[in-house]
Amino acid sequence: MLENILSAGNLSALLIILPFCGAGMCAFIRSSKIRMMVILSTGGMLIAAALILIGRTPFQFSPEPFFGVHLSVAIEVLDFFLLAVILYLGFRHRSGIIKALALFQIFALAYFEFFMVKAEVSSATFFCDHLSLLMILIICLVGVLICFQAIAYMKNHEDHLQLAASKQPRFFGVMLLFLGAMNGLVLSNDMRLFYFFFELTTLCSFLLIAHDGTETATGSAVRALWMNSLGGTAFIIGLVLAYADTGMLELQPILVSGKMGGGWYLFGIALLCFAAFTKSAQFPFQSWLLGAMVAPTPVSALLHSSTMVKVGVYLVLRLAPAMNGTFLSQCVAVFGGFTFLCAAALAVGQSNGKKVLAYSTISNLGLIFACAGLNTSQAIIAGMLLIVFHAVIKALLFLCVGAIEQRIASRDIEDMRGLYADMPLTALMTVMGVIMMIMPPFGLLLGKWMAMEAAAGNLYVIMMITLGSALTVMYWARWAGTLMSDPFAGRFKPEQQPFLTWLALGALCVGAGLLSMAAPWLYQLIVPALSWGYLPPYTSHNGILENPYGVFAVLPLSFVAVLGFVVAIVAVKRASRARVVKPYLSGLQLAESGVFIGPMNRPVKAEAKNYYLSSLFGEKKLTTWINLAAGVLLTLMAGGTL
Amino acid sequence: MIETAVYILIALTGGPLLGGLVGGLDRILTARLQSRIGPPLWQPFYDVVKLWSKEKTVVNVWQAFCAYCYVAATSIALVLFVLRSDLLLILFIQAVGAVFLVVGALSSTSPFSQVGAHRELLQILSYEPLLILVTIGIFLETGSFKIERIYSWNEPLLMKLPFLFVVLGYALTVKLRKSPFDLSTSHHGHQELVKGLLTDYSGPILALTEIGHWYEVVLLLGLCSLFWATNWIGMIVLVGVTYFFEVLIDNVSARLNWRWMLGYAWALGLSLSLVNLIWLYVG
């Protein structure tokens, strides 16, 4: 009985429909208590459904007609409605480009639906393999935790803004809608359905970025909308071309048979990749993601970790078998490597914490694209691992920065100097997040290690990844050190934060650590996601990943790391009993911290700031050139397929 | 199992012993080049013992944490090297140590230590890509990242990777804190940043950083030895000559600023690596 109710089909219907219902309820409920209950219960059920789904994968299903209406017909109608909404937004914000792109998409879609598509989808409307499962777990676990933290965050946020009427109903409505759209997207087999959810995420991100209603917020939201509409346009053209050449309307056949057609088909795939690049804010479309940080921090956390930008990398990983062994695949690899390097360079030049996080997201997504482009089984697995660990750690870091920003009213790294004295636990969690970003044996580094060993055969890509990782270490280490920068030897007393904030931060921080230790098992979970013709790249025994030319002893190293950590913590305990001295200032020090007797017997305040090397890595210096180079690479990619 | 345990023990005890002796030899050699007699061979050990017996003082308790993590990371890297594990992974773990040393320095507000830390980051930025590219070269030649396989290769790698060996020497100069690249902290007392990176590490905690550095030195010399891994004599001669060369360069050159370091490392180091890697691809 229970088995029947919890069938894979029902569970996935639940995963898609439940957030939509929750969203509808949130949008109409004015009472914050009841809204909180709705969010918590929806989130709880999503987590449970996602976890149960692990045992049910892989599966596929087509929903029965509902009151005589077939799902594909309903989606068709909704699709046009969605595009009409985007068109309306184009008129409302007087953006010619949005209007043009929306109109074009409406006509292209109409042509495609009414004149081209003849046969119905032959297999199922939805399917779920281990890659979809992985995405669902990320969306439902990380995404829901972010929504939980948002409850506490938004209360503070609105108290601070002193609004006449709360805008939270709409806010949480869209947040939940976003999760539903994402679940729908990763479960879709039918490309038209995929396109619908693809556009829905665009609309959701527009609404969330515009949430605060300020001039900058609206401006950023409009930019995000037109850039992603460009992606949507590329998507529909790509779909038309691919269908015209091979009749491809579903994702599944790609997994089974790989490359299917010639010139126009490949050009179509290239356009789909282009759409993925806009979604994932790769150069030259990075500005929408950078602009998106005007939104409340939970929005950034959601966009950067479990939703939106992950759509792009998911799509390209899906398409990887279709372009295996082609010039297109190589171009994607080089383009990804290029983005990884350049975004890391730009991050070095930033002192704005949120911008550093944004560039780091772009950079990591570039690495995942590079993996998809390298297109060996090792690289694909590396890409999937990077998706998981990046999602968890980036969500943690964004939520930490959000909490910090609400306390110190700044997102500048220089203002976070010595934050440990003020917010010890949040500062430590941020440092932990940084450590998990750049250090073995944690999962992100495992992914990077795999990516590097996979890229060793491609000279351009490996050069760029090598340089990019060195830059990455630089900007993260600098931030972690700045947070701890304080003459401090007192006792550790965690600061006050709402329970939901601690819940989300704690779960993400501990979760990322445990998941890293469990990486060999995670590897076994995702290996079945490799399509036909891709052999498992590693053997996994006793928590060690090994192949003939590389070995990463994940579990033993994790144990050693834990041991080292414990010893170091004991050392801290003992050091806190040691005599505390003042930092060396090369002069007689006064009672006030950091002040010494300087020339002419005057007190001098010693100060040091971080190196941001803006003469080398500043945005002004680099952005134009990087965008230009990215444009050249994209042209090369698209032209090379013909 | 027992064999593994023995290897781990050898790495953990032999590492600092060898590293300290290399340090002692270095100081004698440097002294002779400067027409001095120099300290006894065991001086580095006396120094560490003395530091260890001093009173423990801290600026920030997290410095102790960072120092321990530095030693842990560098010793694990050496252990993995002795166990003939994955070279790329070893480099990543070695980088962990370097980062913790920087974070520890940043946790003090002293400008000397802060500037030293940032210079150290620039040093990492200079040598890290070079070390990884050397590894990539070794992979392309031997088809493996595992040191096991590299030791069983029957031709000295130096023959196929001459430029990459130069690049490794380059990285070695930075890593061993030798002039002209001893920007962040120096062995000598003429640093404009006092002791730079290490300014606010003191007493037993400073002793730990010294021990960590020994592990690192041995690891890097091990990396050098891979280039003539076919017989012991070749290995020792190559490492000896390389080290002598490092000391010589240290004594005849003045310190450069970070722009020069980064410029040289990336322009010269990367082009040399690129040329050598292309040879391997073509060959």
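Is Val256(A) buried or exposed? Let's start there. This is a predicted model. Val256(A) has 11 other C-beta atoms within 10 Å. The cut-off for exposed is 12 or fewer. So Val256(A) is exposed.

Where does Val256(A) sit? In helix α10 of chain A, residues 252-257. Gly533(A) is 277 residues away from Val256(A) in sequence. In space, the two are 8.7 Å apart, C-alpha to C-alpha.

A word on confidence. Chain A has a mean pLDDT of 90. In chain A, 98% of residues reach 70 or more. Among its elements, helix α16, residues 353-374, has the highest mean, 96. Helix α1, residues 2-5, has the lowest, 73. Where pLDDT is low, the predicted coordinates should not be read in detail.

Now, how do the chains meet? On chain B, 57 residues are in contact with 53 residues of chain A. Several elements of chain B give two or more residues to that side, among them α3 (62-82) and α11 (258-282). The most comes from α5(B), with 17 residues. By type, this side of chain B has 38 nonpolar residues, 13 polar and six charged.

There is strand pairing between the chains too. Strand β6 of chain A, residues 579-580, is joined to β1(B) by two bridges. The two strands run parallel. Arg579(A) stands opposite Thr57(B).

Last, helix α4 of chain B, residues 87-106. This helix has 20 residues. From first C-alpha to last, α4(B) reaches 29 Å, close to the expected 28 Å. Buried residues number 20 of the 20, so α4(B) is largely enclosed by the rest of the structure.

Definitions and conventions
Residues numbered from 1 in each chain as written. Chains lettered and ligands numbered in written order. Predicted model: local features only at pLDDT ≥ 70, side-chain atom pairs only at ≥ 80, totals over all residues. Helix = DSSP H or I, 4+ residues; strand = E, 2+ residues; numbered from the N terminus. Expected span 1.5 Å × (residues − 1). pLDDT = per-residue confidence, 0-100. Contact = placed C-beta atoms within 7 Å. Nonpolar A, V, L, I, M, F, W, Y, C, P; charged D, E, K, R; others polar. Pairing = 2+ DSSP bridges.
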